[in-house]
Amino acid sequence: MAMGVVIMAHGQPSAALHRLHTHPDSPSSSSYLRLRPPHFSSSGRWLNPHFAPARLDAFSLKCSLTSIDVLDSVATATEEVFEDTASLESNCSIPVVHLKSDTLETEGINLLVGGTYVDTILTALPVLSEEEQNAIAATPAHPAGLYALYASCLAGNLVEQLWNFAWPAAISLIHPSLLPVAVLGFFAKVAVIVGGPLVGKLMDYFPRVPAYNCLTMVQGAAQLLSVGMIIHAHTIHPTPVSSVLVQPWFVVLVIALAVERLCGLALGVAMERDWVVLLAGTSRPIALAQANAILSRIDLLCEIAGASLFGIFLSQHEPVTCLKLAAGLMIWSLPVVVVLTWLTNMLSAGVLDRAKCSQCCCGSSAADSIPDTSNIFATSVEVIKNGWFEYIQQPVLPASLAYVLLYFNVVLAPGSLMTAFLTQHGLNPTLIGGFSGLCAFMGVAATFVSAKMVKRLGILKAGAAGLIFQASLLTLAVAVYWSGSLSQKVPVLFFLCLIVLSRLGHMSYDVVGAQILQTGIPASKVNLIGTTEVAVASLAESAMLGVAIIANDVSNFGVLAVLSLLSVVGATCLYCSWLKSPTDTQRSLFSSEPGFS
């Protein structure tokens with residue numbers, strides 16, 4: 001017995017049937033009918049009604065594979081086919097093909113069989129020039145939405161940076177000891193390390209705009225509560241520093257600052273890793289790099305303005321008055337940020353309402369992703385474990401680890417340890433303040449430089465250039481320190497200038513690295529992985545601060561400087577080795593990068 005395919009048409013037999021013939025290479029005992037156009041899929045998917053062309057919608061097709069004798073000539077047996085329709089249908093479990101129209105003529109078949117139709121379509125497509133492609137890559141997908149995002153970032157970051165400077169200064173005025181500030185900072189880091197993945201998971205599950213506005217209000221409430229506790233501490237009688245840690249106001253302040261820092265972390269990750277990608281466009285790298293640079297400039301300028309503004313207030317008014325002014329600024333900025341967030345979504349045609357992959361899954365998958373509130377502790381532990389697992393499994397892990405390693409550098413950078421060293425070294429406070437200001441302005445300059453580097457070198461090579469530049473200058477700085485000539489003024493200034501210039505490379509990689517992670521992390525896990533990354537960076541910074549607590553003598557500054565340098569060199573080597581031997585997944589993510597595909 002042989003297998004065959006029979007096609008019947010109700011009406012005048014069309015020219016299509018005269019094209020059907022037996023396969024020349026088949027045995028004499030069987031005939032085969034091939035319905036495969038030369039330039040289309042051999043799977044016969046047009047027999048599926050879902051894939052049928054529009055002009056075939058009126059046809060009712062049936063297909064039959066049956067055990068029959070050899071069909072010597074389908075083209076000449078059209079009459080016999082119509083007569084045997086009933087017998088064929090009775091002998092097979094699969095229905096017979098019926099064509100209920102006579103409109104399937106030679107022109108339609110030639111359109112499918114002809115070898116030049118698809119080629120004509122493909123050759124007729126316009127090809128953009130390199131200048132046009134660069135112009136599209138530099139144009140944001142939603143420019144109006146980006147401007148609203150910048151305004152929201154400016155209003156929110158100004159208050160956040162002002163508060164980051166205000167609370168340590170206000171607490172330090174209560175007691176001259178650094179212990180209260182250190183304890184508050186430690187628990188804030190612990191909150192980020194433990195709660196970061198959990199908040200990121202929640203941000204990935206809930207819609208963007210409502211979740212962002214909710215966290216904004218929680219952060220504002222935590223800031224206002226912290227202001228109230230510090231004002232209360234300034235109005236009561238001074239107590240010994242050891243008893244401050246057990247005061248009720250201090251316990252509430254620890255919790256409020258931990259919640260505020262955790263909310264600030266989640267808001268920053270959502271804006272920098274998710275929102276800006278949707279508004280600028282994932283397929284527009286130049287526009288995305290420019291948007292990242294502008295966000296970094298806003299953050300750095302808010303850091304400078306916030307610290308300067310509260311410092312001026314504190315030099316002219318009492319601490320309680322300054323805290324009240326800060327509280328008024330918080331109350332004013334909260335509705336502004338909420339309105340600007342809503343405006344960002346409206347001006348971008350609702351792109352922020354676009355569902356994430358975790359929100360588009362089937363019913364069972366979505367149910368599995370809902371956090372189980374029956375056992376909060378077990379759920380939190382599971383989410384944290386999942387966050388660390390997803391962080392390790394991300395396709396751009398080497399770039400992220402290089403970013404984390406830079407957080408070990410807490411000495412050769414502007415910060416509390418560098419300020420303490422320069423103060424113990426006898427430098428003028430004006431010079432120390434100028435050093436910190438120059439480092440911040442160098443970060444602003446890096447945002448301009450990084451955008452040009454991405455445009456000229458590409459994202460990946462721009463990141464390598466920033467890391468190599470920072471590692472080279474810090475190597476020279478450590479060499480100057482170990483030369484033993486810091487007792488003189490000129491070597492000290494040269495040492496500080498090298499660190500200032502190294503911030504250019506550091507901030508360049510900070511901007512470029514953010515874009516690399518934006519490209520490589522799936523949208524459904526961007527908040528989970530981003531918050532976990534910040535938690536890992538906080539862990540690295542806490543570990544280095546622990547080493548500094550053990551080696552707290554100024555004479556050990558050189559050892560701490562060497563450890564900081566090794567972390568930067570390690571980050572550079574890790575990143576460059578990743579560029580030399582990427583995986584197939586990394587090649588597909590950055591296929592447009594020169595030398596990486």
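Rings of Phe, Tyr and Trp (its six-membered ring) are taken to pair if their centres lie within 6.5 Å; planes under 30 degrees apart count as stacked, over 60 as edge-to-face and the rest as tilted. The structure is a predicted model, in which local features need pLDDT of at least 70 and side-chain atom pairs count only at pLDDT 80 or more, while totals for chains, interfaces and linings use all residues. Residues are numbered from 1 along each chain as its sequence is written, and side-chain values use heavy atoms, with hydrogens and water left out.

Ring pairs join Tyr481, Trp482, Phe495 and Phe557 into a cluster. Across the whole structure, 11 aromatic pairs were found. Tryptophan 578 belongs to helix 21 (residues 557–580) and phenylalanine 590 to the segment after helix 22 (584–589), so the pair ties together parts that are 12 residues apart in sequence. Helices here (H or I, at least four residues) are DSSP runs, numbered from the N terminus. Both tryptophan 578 and phenylalanine 590 are buried, where buried means under 20% relative accessible area, exposed over 50%, and partly exposed in between (1.4 Å probe, protein chains only).

A nonpolar core is a set of buried Ala, Val, Leu, Ile, Met, Phe, Trp, Tyr and Cys residues joined through side-chain atoms within 4.5 Å. The largest such core holds 68 residues, of which Leu412, Phe495, Ile516, Tyr575 and Trp578 touch the most other members. Among the helices that each supply at least two residues of this core are helix 17 (429–457), helix 19 (489–520) and helix 21. When neighbours within four places in sequence are left aside, isoleucine 516 is in contact (heavy atoms within 4.5 Å) with residues including Val396, Ile459, Tyr575, Trp578 and Phe590.

The structure contains 6 salt bridges, each defined by a side-chain nitrogen of Lys or Arg within 4 Å of a carboxyl oxygen of Asp or Glu. Glutamate 541 forms one with lysine 189, with the closest N and O atoms 3.0 Å apart. This pair links distant parts of the chain, glutamate 541 lying in helix 20 and lysine 189 in helix 7 (residues 179–205), 352 residues apart. Lysine 189 is partly exposed, at 26% relative accessibility. Another salt bridge joins aspartate 274 to arginine 208, with the closest N and O atoms 2.8 Å apart; aspartate 274 and arginine 208 are both buried.
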